[in-house]
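Let's take a walk through this one together, chain by chain and contact by contact. Have the viewer open and follow along.

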Amino acid sequence: MAQTTKTPTAARPGDLAPMRQNFVDLVKAAKWGVVGGATATFVSAIGMVPDFDGRTLIDPFLTLGYLVLFLVPFAFGYMAARPPLTLEGQEPVRVGPRNVLAGAIAGMVTGLVLIVPTLVAVNFNLRSVFVNLSPAMADTLTLGQSLGVGLLLLIVGCLVAGAMGAGVNVVPARWRVPVMTGLLWVLTVGLLEDLATQLLRGLNLDALVGVFFAPGGGLKPLGAIIVFVLVFSLQLVFQRRPPRLKARYQALDQSERRRWTIILIAATAVIVYLIPVVLGGFMSEILDLVGIYLLMALGLNIVIGFAGLLDLGYVAFFAVGAYMTAVLTSSGSPALSPELTFWAALPFVVLAAALSGVLVGTPVLRMRGDYLAIVTLGFGEIARILFLSDWFDPVFGGAQGITQIPSPSIGPLEINTPPQFFYPIIVLVFVAAYISWALANSRIGRAWNAIREDEPIAEALGVNIVTAKLSAFVVGAALASFAGALFASKIGAVFPNSFSIVVSIIVLVIIIVGGMGNLAGVAVGALVIQGLPQLLREFDEYRFLLYGGLLIFMMLAKPEGIIPSRRRVAELHQEEMGQDAWLTAEPESELDEARTTPATAKD
Amino acid sequence: MALLEINQLRKTFGGLTAIEGLDLHVDKGEIVSIIGPNGAGKTTLFNLISGLFPVDEGEMLFGGQSLNGLFPNQVTELGLARTFQNVRLFPNMTVRENVMVAQHCRTKSGIFRSILRTSKFRHEEAEIKARAEEVLGFFGSRLVGYRFDQPAFVLSYANRRRLEIARAMGTDPTMILLDEPTAGMNPSETTELTGLIGQLRDDHGITICMIEHDMQVVRGVSDRVICLDYGRKIAEGTYQEVATNEQVIEAYLGRKATDAAS
Amino acid sequence: MVAEQGTRRRLHFDFVGAVLWLVRILAILAVVIGAFVSLTSGRLSAAAWLNFVVIGIGQGAIYALIALGYTMVYGVLGFINFAHGEVFMSGAMVGAFAANSLAQAGMWNSNPILSILIVLLIAMTTSTLVALLLERVAYRRLRNAPRLIPLITSIGASFFIQYAFLGLFGAQTRTYPALSILDGFIRVAGINIRYADIMVIGSAVVMMVVLYTFVERTKAGRALRAVAEDKEIAALMGVNVNRTIVLTFAVGGAMAGAAALLFGVVFRTVFFFSGFLFGIKAFTAAVLGGIGNIVGAMLGGLTLGIFESVGPSLVLTGLGIPSAHQLKDVVAFLALVLVLIFKPTGLLGERLSEERA
């Protein structure tokens with residue numbers, strides 16, 4: 001079904017060039033399908049599909065396992081049906097049924113490829129090698145039916161998923177975002193059922209729980225529809241008139257602004273106070289750990305995001321903070337037991353961290369980026385090995401670590417339980433966020449930016465590279481040590497294996513996925529990266545697989561993060577922005593030209 | 001005493017001698033131009049003075065202080081600023097921020113003051129901002145107003161060169177080394193900038209040493225001209241003297257040109 | 001235009017320079033004192049020390065082969081392919097499966113040479129495929145990105161592959177079946193050198209000679225060196241840059257696959273995390289010898305292997321540090337740090353391309 005071709009004539013501004021031909025390559029769609037099939041096989045063979053089957057998203061027909069499975073043909077159907085890019089001055093290509101067909105083909109081929117692992121799992125026993133190719137997996141893939149029927153259903157399901165994925169391209173732009181957002185929210189609510197239920201119960205809205213959620217788990221179909229309609233409508237409304245809160249805030253005059261700021265602060269304080277109360281013990285525990293990682297992310301954000309130093313051994317500072325706290329406060333500390341209180345020990349902890357920041361920073365001052373990364377990685381590992389070693393055993397406890405770390409107390413109140421710990425953690429998070437902001441908008445923040453953008457020029461301009469870089473390390477180390485101190489007090493014990501490179505990587509993933517240089521982004525990142533796997537136990541097993549995949553995906557698609565800072569977007573897409581800069585730049589006024597009268601040259 | 005004094009400077013890169021036995025000086029309040037064919041070692045000279053490369057032999061004195069072995073930021077702190085041939089701004093920082101960074105070595109708010117936002121800090125920040133805007137105002141209306149908050153990469157070429165100079169001015173220098181300040185500018189921009197260079201010296205008392213290829217500029221504003229070729233000084237004097245010097249003509253145009261001229 | 005370091009910073013209090021001098025002095029003191037104490041204490045016989053050295057050389061040969069992959073990718077594309085350790089691990093794991101199947105079929109010990117060759121082929125193919133997959137999926141689009149982005153991508157890829165293998169094949173360690181012809185040793189200079197070590201060192205040398213000839217003498221190798229120097233100019237000269245880059249990854253992968261087989265046959269256990277530490281150490285070896293320098297990779301590997309093997313007993317125990325063997329990895333990391341601080345161009349100097357600021 002070919003569209004009519006018309007060669008576009010040279011367009012003048014204001015002309016409507018004729019529609020470009022929509023050429024959808026069906027063979028390419030099939031190729032996408034093959035890749036999709038391989039991916040789906042991978043996802044199944046890894047064990048995700050059967051493992052995730054336990055969580056029902058929408059009762060009774062959608063579990064997480066099947067969502068993940070059918071997401072593959074959905075995604076590849078989307079890719080197969082994507083229209084070519086619309087460049088400046090061109091008319092967008094019109095999409096039509098042919099695109100949906102492409103998606104369907106991609107989906108169908110994916111399904112066809114899936115026949116292979118299913119048959120293999122049923123007929124052969126390769127489990128000594130591929131541990132998940134079991135009859136149980138085959139059963140999941142065939143949707144619990146007999147082999148023939150199940151495979152047929154599978155292929156049809158993939159075809160439909162592929163077509164739906166393609167449909168995303170076909171839906172008019174005006175509806176696309178609301179529909180997608182609505183669907184996303186439905187799935188999210190289904191996924192985070194525990195959180196939602198807890199929230200409703202905490203707010204004394206128990207009755208609503210039954211409305212939305214089925215007793216066995218998952219959203220009721222009615223609940224799903226309600227959520228979808230709600231989000232869809234909200235999105236539709238706000239798409240037309242985005243609230244522009246920030247601009248309105250800045251437009252207020254001084255006294256008005258102060259009033260609103262106070263109200264905002266008060267409201268935040270109340271909400272923060274209520275969070276552990278409403279969400280209960282289990283969620284508070286999760287949030288505590290999220291907060292600790294958020295603290296570290298804010299610190300690493302300064303080192304990487306502000307100063308541009310890719311420190312992969314950040315866990316070392318975390319470890320120093322935790323161990324110093326342990327040594328200074330615990331009665332079980334082997335060598336010296338000053339048994340200070342948490343708050344009394346804190347200044348020494350920060351001092352030790354600052355010192356280690358200088359220690360780590362000095363050797364790497366003049367190294368180029370990737371070498372710096374590896375060396376700091378090495379330092380991180382050295383720290384862990386040293387804390388584990390017999391050599392350091394007398395002071396740091398070796399493999400047994402240090403236990404009996406007392407809980408901190410504020411006045412008469414001892415902080416023991418997860419909800420109680422939430423408060424000092426969140427307070428320190430706010431402090432760290434403030435420190436980030438304060439430093440970003442200061443002399444040293446500008447120096448860091450300059451170093452990150454062009455180090456030799458910054459130096460030529462008078463910036464002392466040594467002190468600037470060391471400051472970044474020291475501040476980063478200090479914040480990590482806060483996190484370490486809280487961590488040690490909370491767990492009550494420190495063991496060297498809690499401080500391996502994975503901690504550094506998790507924090508790195510948080511700031512990269514969330515958005516470097518941007519506080520909101522980092523917070524979202526921490527919630528998603530650290531909070532989600534704790535909330536959804538199934539993800540825990542596949543954590544690092546997902547982190548790795550996320551890193552790759554983000555670097556390829558959106559290196560500035562989910563919620564980027566505008567500066568970062570500009571930096572990373574500089575070529576694109578630079579090219580279009582002349583479009584948005586204001587023209588030099590004609591007045592400027594007139595001013596330049598040919599001056600008589602000095603003779 | 002000369003403000004900048006270079007004695008018997010020598011620099012080699014591997015087998016290539018970039019600068020050999022170079023003596024030159026710049027007195028306070030002068031505008032000295034350094035000319036010479038490509039590859040004569042002019043930018044290398046600036047790189048040595050501003051501390052980007054180490055010196056093999058020879059001495060460099062600024063206001064009596066030795067520059068040998070200093071880091072670039074130490075050189076700038078002494079009051080000797082420079083611009084670069086290929087304009088290297090901080091592309092994603094705003095115009096104003098680019099000049100604010102230049103004042104880093106003249107200010108001293110550290111981490112603690114920045115976090116605590118003491119009144120000294122706020123005072124200093126306001127000063128830095130005001131001074132940056134003042135420096136940018138030197139270029140008329142080109143880099144002021146809405147331009148303050150624009151990222152540097154949106155600027156036109158000529159404006160980038162101006163910002164480059166503004167940045168050097170922001171370091172509160174006694175002397176500026178300008179590396180081909182008018183390269184790539186059209187005649188009217190060049191004329192304007194020539195005037196501004198003169199103003200830099202006349203109104204702000206800044207000594208200038210500049211590398212230039214455009215002889216109109218050199219003639220228009222220099223007190224003294226020095227010509228380098230193959231890393232050696234081959235002529236020094238007023239523009240008239242240097243422009244008619246046989247060796248200089250030969251360096252630029254070759255021996256036949258000298259024969260033809262004579 | 002990076003400010004040159006080292007030779008001339010003398011004025012004004014140079015904090016960094018002072019610290020670095022301190023580190024130099026401490027390092028030299030530590031090594032000298034530790035070594036002196038160890039050697040004079042007679043704790044270990046000369047034969048024992050030699051034994052350490054031989055073991056170190058064997059280990060180092062494997063590092064060297066893996067280092068080749070790092071050094072080539074860094075030379076040509078300018079970033080550290082963090083996931084190269086996983087390229088090695090994948091070959092080792094699949095090789096383990098193949099070896100075990102061969103053992104089950106009775107071929108392993110009855111036809112050892114053939115078996116080894118088969119498994120070698122399988123391991124090399126797997127590693128090459130993984131390397132090519134990496135290049136195609138993760139790195140190709142980032143060819144012109146700022147250099148830290150592919151580095152971060154490679155970290156992501158490294159974790160992804162590790163945990164993919166974990167998910168697909170499970171967490172248990174896989175063991176290569178014992179190879180009887182390698183049981184045995186020859187006696188040289190009072191120490192026993194295992195056949196296994198001889199095989200490892202011999203094969204490694206052979207492969208490096210092959211690679212060196214390839215890079216220096218063949219047309220494709222020349223193209224590789226050209227692309228390493230300047231991608232754009234090479235393209236203008238008619239070199240197919242894309243194909244050359246793919247070739248780089250393929251060759252690096254093949255070398256890692258060979259290393260995987262040698263590792264499997266000699267050290268015999270592998271699990272999903274085996275690649276990580278080996279990767280870092282192999283990168284250390286590459287840097288030690290000089291990034292981009294193929295002979296350097298070999299030299300660096302051997303040096304690192306010997307450092308690691310001899311270092312703890314020689315220096316650390318001599319300084320009175322208990323259980324020095326625990327700190328083997330610390331020695332390796334310290335070697336990396338010291339080399340990068342004091343001679344970042346490595347022992348033999350960077351080769352395939354100049355330093356990119």
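Predicted model: local features only at pLDDT ≥ 70, side-chain atom pairs only at ≥ 80, totals over all residues.

The contact with chain C takes 41 residues from chain A and 44 residues from chain C. Two or more residues on the chain A side come from each of helix 1 (26-46), helix 14 (342-364), helix 15 (369-388), helix 19 (455-460), helix 21 (501-514) and helix 24 (543-557). Helix 15 of chain A gives the most to this side, with 10 residues. The side of chain A that touches chain C splits into 29 nonpolar, seven polar and five charged residues.

The domain assignment gives domain 1 (22-170) and domain 2 (255-566). Taken over C-alpha atoms, the centres of these two domains of chain A are separated by 40 Å.

Chain B gets a domain assignment too: domain 1 is made of two segments (4-88 + 176-261), and domain 2 covers 90-154. In chain B, 29 Å separate the centres of domain 1 and domain 2, again taken over C-alpha atoms.

Chain B is also the place to look at sheets. One is an open sheet of four strands, ordered 2-1-4-5, with antiparallel pairing. Strand 2 and strand 5 (65-66) of chain B each have a single partner strand, so one side of each is left without a neighbour in the sheet. Let's trace the pairs. Strand 1 (residues 4-13) and strand 2 (residues 16-26) of chain B run antiparallel and are joined by seven bridges; one bridge partner pair is B:Glu5 with B:His25 in strand 2. Two residues lie between the strands of this hairpin, and B:Gly14 takes a positive phi near 60° there. Strand 1 of chain B also pairs with strand 4 (residues 57-62) in the antiparallel sense, this time over five bridges. Across that pairing, B:Ile6 stands opposite B:Met60, while B:Asn7 has B:Glu59 as its bridge partner in strand 4.

The other sheet to trace in chain B is open as well, with six strands in the order 6-7-8-3-9-10 and mixed pairing. Its edges are strand 6 (80-82) and strand 10 (232-237) of chain B, each pairing on one side only. From one strand to the next, the twist averages 20°. Within this sheet, look for strand 3 (residues 31-35) and strand 9 (residues 224-229) of chain B, which pair in the parallel sense over four bridges. There, B:Val32 stands opposite B:Arg224 in strand 9. And what lies across strand 9 and strand 10 of chain B? Helix 10 (residues 246-253) of chain B does, running at about 130° to strand 10.

Last stop: a helix pair in chain C. The axes of helix 2 (residues 46-77) and helix 7 (residues 195-217) of chain C come within 9 Å and cross at roughly 30°. Angles under 35 degrees count as roughly parallel, and these two helices of chain C are therefore roughly parallel to each other. Their crossing is left-handed. Zoom in on the side chains: from helix 2 of chain C the contact includes C:Val54, C:Ile57, C:Gly58 and C:Ala61, and from helix 7 of chain C it includes C:Asp197, C:Val200, C:Ile201 and C:Ala204. The residues of this helix 2 and helix 7 contact divide into 13 nonpolar, one polar and one charged.

Notes:
Residues numbered from 1 in each chain as written. Chains lettered and ligands numbered in written order. Contact = placed C-beta atoms within 7 Å. Nonpolar A, V, L, I, M, F, W, Y, C, P; charged D, E, K, R; others polar. Domains from an automatic or database assignment. Pairing = 2+ DSSP bridges. Axes fitted to C-alpha atoms, helices over the stretch in contact; angles between N-to-C directions. Parallel < 35°, antiparallel > 145°, perpendicular 65-115°, else oblique. Left-handed = near helix turned anticlockwise from the far one by under 90°.
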